[in-house]
Amino acid sequence: MPIRNKRASWMRVQVARAQRLRLVRLRRSHSSHLLAATKAQLDMSGMQRQSVGTARRRGPRVGAHRSRHLLWFTLPAVLLYGTIYLIPTISGGVYAFTDWDGLSTPHFTGLANFSKIFTLSQGREAIENTIKLAVVTVVIGNVLALLLALALNTRIRTRNALRTICLLPALLSTLLAAYLWQFIFTPDGTLNRLLSTAGLGGLARPWLGDPATALWAVAVVIVWQSIGLTTTIYLAGLQAIPPELNEAMQVDGAPALARTRYLTVPLLAPSITVNVLLGTIGGLTTFGQVFAMTGGGPGYASETVATLIYKQITVTGRMGFAASASLTLAAFIFAIILLQWHYLRRRETAMA
Amino acid sequence: MMRRRNASLLLLEMVLWALAATFLFPIYLLLVTSLKTPHEMAFSPLSLPLHPAWSNYLVVWTGEGGAGGTSLAASFLNSVMLTVVPVVGLIVFGAMAGYGIARAASRLSGGVMTVFTVGIVLPFQLGLIPLFTAAREAGLTDNILTLAVVYLGILMPLGVILYTGFIRALPISLEEAATVDGAGPLRVFFSIVLPQLKPVTATLVILAALAIWNDIFLPVIFLGGSEQTTLPIAIYQYKNQYTADYQIIFAGIVISSVPIIALFFALQKFFVSGLNVYQQN
C-alpha cells in the first residue's frame, strides 16, 4: 500500500510537470497531436531548443522514475515463460531422480535412471548416434555453408535468386522433408533407380533399412534443410565486414585466397559462433527426421536421445526415465555450449 | 584484367547453378510426383507429368476418394489458429518485455534478460514432461488453444531477445519527448515504440511461424490421437495408413508448405537485417 501511494504521488508530480511543460510548448506550437508534437521537437528553432534544454535537465529524474515502472512491462512475458518453461523445467529436473510413471506417486530412486541410460543398449546407442549426428552435421554443414556464402557474396548477377533457393528447404516441415527423402532412399526409390541407370546398381541398398547407412541418410536430410539458414547467417556476417579492409589488402597485393583466410574468416568469428551453437543444439535435439524416416531403426541404429524421450513418454510412460534422459541431454548441451562459447569467444577476441 | 574477372565470375555462377539444380532436385521430385497417377509414377518417375493428376490435390484436401477421411481442410484451419495466436502474443508480450528490459535502467533488467537467455540455451524437452502431465490432469490436452499457449511460453525467449536488442538500438529521444508531453508508459509504448518495431517483428514472425507451422514434436504429444490435427500431423496420420500413396502424400506436402513459403517471401526483405540483431546478442 505505501508503495502504491508513493507511486501515485510520483505520478502526480510527473503529470503536473508534464502539463507545465506542455503548456509552455503549446504556446509555441499549435499542434496538440502527440506525434506531431514530438516530431516538431526534433526539428525546432532556437527558442524551442531552449525549452528542451530544461526538459533534458529534468531528464534524469524523469528517467529514473520511469525505469522502475518500465520493468512491469516484462511481467506478462515473465509469467508465461515462467509457468510454461521455467517451472516445468525445474520440476522435470526433480522427476529425473524418481520412478514416476505420470500417474502414481513418484518414488525417489536416486541416480538409478541415469545409470540405466548408460547401461541400456538403447540409451547407449541413442547417445552415441546423437553425438555423431551433431558433429557430422555441424562440421559438414558449416564448411559447405561458409563456401556457399563466400561464393554468394561476390558480384554474380543471380546471387539473390541463388540465396533464396538456398533457403527453400528450410521452409519445409522436418517431417515433410523427411517423407520426401524417404521416397528417395527407399529400396525401390529414386536414388537406387538413378544408381542402376548409371550402371552403379551394385551400390544400391535399402539406405534407411541398413544399419550402416540409416544414420547418415538422416544426416543428409539435416544438412539439406539447415544449410540455407547457416548460409544466410554467414552472408549477414559477411555483409557486416567493411569492404575497405578487403580493398586495402588487395592494394597490398594479397591474393584472394589469403584475403579470405586471414581477413574474412577471422572477422566472421561471431557468425561462426552463432552457427556452430545453433547447429549443435539442433543436431543434439534431432527428432523429426528420425521419427519420420526410420523411427530410430533398424534396431536402434538411428535412435537419438529425442526419439528415445518421445518413446518413453508416449509408449512406455516411464516419465522419470524420460526426464532423466532429458536432463542428461540438457546438461550435455549446456556443457558443450559453455565450452564452445569459451573457446570461440576467445578466438573472436584474439582475432578481431 | 576486368574481362578475366568477369569470366571467372560467370564460371562461378554456372557452377553455383549446377549445384542449385542438384540441391533442388528433391523439390522437383516433390512437385512432379504430386501430379502423377500411380501408373505414371511406376513407369516414368522422374519425368514431368504428361497428364497432370490435379485430383491428387483434391483427394488430400477434401479427404474423399479413398483417402480414409483425412482431410487437410480441417487441419489447415487448426494450423492457422495454432500459428496466429502465439505469434500475436509473442509480438505484444515480447515487445513489451523487450521495451521494459531495454529502457529500464535498473539492475534487475540485466537479471531478467539473463533468465530469458537461459531459455534459448536449455532444451525444452525437460520441462515438457511435467507440463504435459499437468495439462493432462487438468484435461487441457487435445486442445489447440493449450498448445498455442505452450508455444507462446516456449518461444518467448526468442521474442524477448530479438526485441530487446532492437529497442536498445533505437534512439530514445522520441519516447522522452512523448513522456514530456504527458504520455504515460503504456501510451508511449503503443503509439511511439511499437510502430518502430516493424523490421524486427517481421523477423520474429518468420522464425516463430516457421517453428510452429512445421513442428511435429509438440503436436504429437499434446494432440496425440485426437481429432484435432495440424497439417503435418494430418499428413503423418495419412502416411501411417497409406504408406505407398506418395503422390497423395506429396500433394499434401505441397499444400501445407505453400502458406508458410508465401509468408516467408512476403517478409523476406526484413529477414537478414533482423538476423544481424539476433547475432549481436
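**View 1. Asp142(B) lies in the loop that runs between helix H6 (125-137) and helix H7 (144-168) of chain B.** Helices here are DSSP runs of H or I with at least four residues, strands are runs of E with at least two, and both are numbered from the N terminus. The model is predicted: local features need pLDDT of at least 70, side-chain atom pairs count only at pLDDT 80 or more, and totals for chains, interfaces and linings use all residues. Residues are numbered from 1 along each chain as its sequence is written, chains are lettered from A in the order in which they are written, and side-chain values use heavy atoms, without hydrogens and water. Asp142(B) is not a glycine, yet its phi is positive, near 55°. Its relative accessible area is 40%, so Asp142(B) is classed as partly exposed (buried is under 20%, exposed over 50%, partly exposed in between; 1.4 Å probe, protein chains only).

**View 2. A nonpolar patch on the surface of chain A includes Ile140(A).** Patch residues have over 30% relative accessible area and no salt bridge; nonpolar side chains (Val, Leu, Ile, Met, Phe, Trp, Tyr) are joined within 5 Å, like charges within 9 Å. Areas come from the Shrake-Rupley method with a 1.4 Å probe, and for residues only the protein chains shown count as cover. Helix H6 (residues 121-152) of chain A gives the most to the patch, 7 residues. Ile140(A) is in this helix and counts as partly exposed because its relative accessibility is 42%.

**View 3. Glu13(B) and Arg157(A) form a salt bridge through their side chains.** The N to O distance is 3.8 Å; the rule asks for a side-chain nitrogen of Lys or Arg within 4 Å of a carboxyl oxygen of Asp or Glu. Across the interface of chain B and chain A, the rule finds 1 salt bridge.

**View 4. The interface of chain B and chain A buries about 8900 Å².** Carbon and sulfur atoms account for 78% of this area, which is the accessible area (1.4 Å probe) that two parts lose on being put together, summed over both. In contact (heavy atoms within 4.5 Å) are 104 residues of chain B and 100 residues of chain A.

**View 5. Chain A contains 16 helices and 0 strands.** Of its 352 residues, 49% count as buried. Chain A exposes about 17400 Å², with 66% supplied by carbon and sulfur atoms.
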